[in-house]
Amino acid sequence: MAKAKANRVVTCIALSTAAAAITIVVVVQAAALLRRLTNETHLKLSIWRFFLQYSNNIIVLYRWRYVSTPLIILIFSFLVKLYYMLMSRQARKVMYLVEYACCVPPASYRMTLATFIRQAKLFMGDREEEADFVRKMVERSGLGDDTHLPPPLHRTPAPNNISFNDCVLEAKTTIFTTMDALFEKTGLNPSKDVDILIVNSCIFCPTPSLAALVVNRYRMRTDIRSFNLGGMGCSAGMISIGIARDLLQAHPNSNAVVVSLEVISSCMYGGSDKSMLLPCCLFRVGGAAIFLSNKTDEGKRAKYSLVHLLRTHRGADDRAYGCIELREDSEGEVGVSLSKELTGIAGDAVKANIASLAPLVLPASEQLRFALVFVGRKLINPTWKPYIPDFKKAFDHICIHAGGRAVINEMQKALKLADEHVEASRMALHRYGNTSSSCLWYVLSYIEAKRRMKKGDRVWQIGLGSGFKCNSAVWKCLRTINTPVDGPWADCIDRYPVHDPDN
């Protein structure tokens, strides 16, 4: 009897030791797996292998009778719970950019620079000084002869007041053309597969909203989480991506669609203030629709995954706040005003943004140089020139907001970039003009059309907008992207890049 009791004690000790060893190993491996969550793209297979590996170990122990039936049930329950916890965390953490589409407006929207100058001259009448200013700005803008303007601006003479219905028609054309292209590319069923919808348009904000317009057109679900952003300027596209990221983190296994556009009909200006005439020379019709998801299955066909997204808001500075503003002129005409200080303010905003971004993306050597100069300016000599890190060591492609030639020049100078790094932004400006919050997607599409996007490449998108805001998004390319058969560059990519004599 004493021998039997001793055997039971030895068995219990063996079982406890085995269970403790298995638990320790499982916890250690689970911790290692969690650390890799930020570095791996497709973790479903890794987690599944982890689950199978330790299930097999337990089965072996059970066969050798080192683990009892109740204990094996307990350990299997723990592993199943751990598996679903890891998968849930993975779904919340990773946001995939599955696909996107850029608006290619109807051919009837196309307007050459000569036609635009002629229309402006007819509209200005005897105001020769303003007409000559528009001509000079257009000729120096960096825009080409294939940009697009809405139908009201093609009328002769152009109307003094563009109707609300004209704005609605432009919005519908841009949104539906872009979203139809996205759904055709992805096979998404808009009435079933879209969980989150975000639409941004700066100036034109009707009631019901543009988001409601989309829900109505595509008969989307009654439980869709829809949002409409207005007044956020050209950087609203990156802000919408940030909102989508936050919502996808809160709602696992979901799809989001972001739509970015500007309704040009709503921001045309007919007065004499030169600061308010300038936007009319730069802004053109355009839009983009982006399909984002945290579903692991969608990750298998996704183009990119989001690595970082940072926002910098300089609105506390009065100069920055007022450098882009929708206001009335002295004669009561409403338009968008651009300050002469805009490029300098944009440069300051970018420098503030990269101060936060640099530690996240730069190699150690660049971080050390940046830190030493930063500390030196604070403690030794404030007049030292700030060190601008070499972001070419952190990114393979840089997409600068194509807001105008002056903006691109300022960004190139501030970041010490070569011409090849700003080529995509200059060509997007030349072909499509400043399409506001959607222009970064035309820039990215240019890089893809040139077959420069390879698996593992890192992409930096820099959005600038009123407020004043600078927003950065960093993406990692998940697969080599072949030349698209459709899209905004399909019919013209062979003609680019074009030579810009003023750069």
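# A walk through the model

Start by selecting S436, which sits in the loop between α15 (419-432) and α16 (helices are DSSP runs of H or I, at least four residues, strands are runs of E, at least two, both numbered from the N terminus). You are looking at a predicted model, in which local features need pLDDT of at least 70 and side-chain atom pairs count only at pLDDT 80 or more, while totals for chains, interfaces and linings use all residues. Residues are numbered from 1 along each chain as its sequence is written, and side-chain values use heavy atoms, leaving out hydrogens and water.

**Around α16**

Stay on S436 and check the backbone: phi is near 65°, a positive value in a residue other than glycine. Is S436 buried or exposed? S436 is buried, at 2% relative accessibility (buried is under 20% relative accessible area, exposed over 50%, partly exposed in between, with a 1.4 Å probe and protein chains only).

Now select α16 itself, residues 439-449: 11 of its 11 residues are buried. They include W441, Y442 and Y446, but also S445 and E448. Just past the end of α16, click on R451, where phi is positive again, at about 60°.

**Zoom out**

Color by confidence. The protein chain averages a pLDDT (the predictor's confidence in each residue, from 0 to 100) of 84, and 81% of the residues score at least 70. The stretch to treat with care is 33-45, where pLDDT stays under 50 and the model has 25 contacts beyond four places in sequence (a contact is heavy atoms within 4.5 Å). Where pLDDT is low, the predicted coordinates should not be read in detail.

In cartoon view, the protein chain shows 16 helices and 11 strands. Of its 503 residues, 51% are buried. Take the contacts with a separation of 6 or more: 79% of them link residues 24 or more positions apart.

**Into the sheet: β2 and its partners**

Next, select β2, residues 196-200, where five of the five residues are buried. Show the side chains: I196, I198 and N200 point one way, L197 and V199 the other. β2 pairs with β3 (225-229) in the parallel sense over five bridges (two strands pair if DSSP finds at least two bridges between them). To get from β2 to β3, trace the chain through α7 (210-218); this β-α-β crossover is right-handed, which means that with the strands pointing away from you, the path from the first strand over the helix to the second runs clockwise.

β2 also pairs with β4 (255-262), again parallel and over five bridges. V199 is a handy landmark: its bridge partner in β3 is N228, and V199 stands opposite V259 in β4.

Back up to the loop between α8 (236-250) and β4, and you find N253. Phi of N253 is near 60°, positive in a residue other than glycine, and the residue is exposed, with a relative accessible area of 53%.

**A serine in β8**

Jump to S337 in β8 (334-338). S337 is buried, at 8% relative accessible area. What does its side chain make a polar contact with? The partner is the side chain of R327, at 3.4 Å (a polar contact is a pair of N or O atoms within 3.5 Å; within protein, one must be able to donate a hydrogen and the other to accept it, and residues adjacent in sequence count only if both atoms are side-chain atoms). Beyond four places in sequence, S337 also touches S275, M276, C323, I324 and E325, among others.

**The cores**

Now for the nonpolar cores (sets of buried Ala, Val, Leu, Ile, Met, Phe, Trp, Tyr and Cys residues joined through side-chain atoms within 4.5 Å). The largest has 61 residues, and F391, F395, W460 and F468 touch the most other members. Helix α12 (342-361) gives the most to this core, with nine residues. Select F391 and you see it touching I354, L357, A358, V361, L362, L415 and W460, leaving out residues up to four places away in sequence. Apart from this core lies another of 43 residues, including Y304, W441, Y442 and I481.

**Last stops**

Go to F468, in the loop between β10 (458-465) and β11 (469-477). The bond joining G467 and F468 is a cis peptide, with omega about 5°. A further cis peptide bond runs from Y496 to P497, with omega near 5°; P497 is in the segment after β11.

Finish at S365 in α13 (364-379), partly exposed at 42% relative accessibility. Draw a distance from its C-alpha to that of P389, 24 residues apart along the chain, and it reads 9.7 Å.
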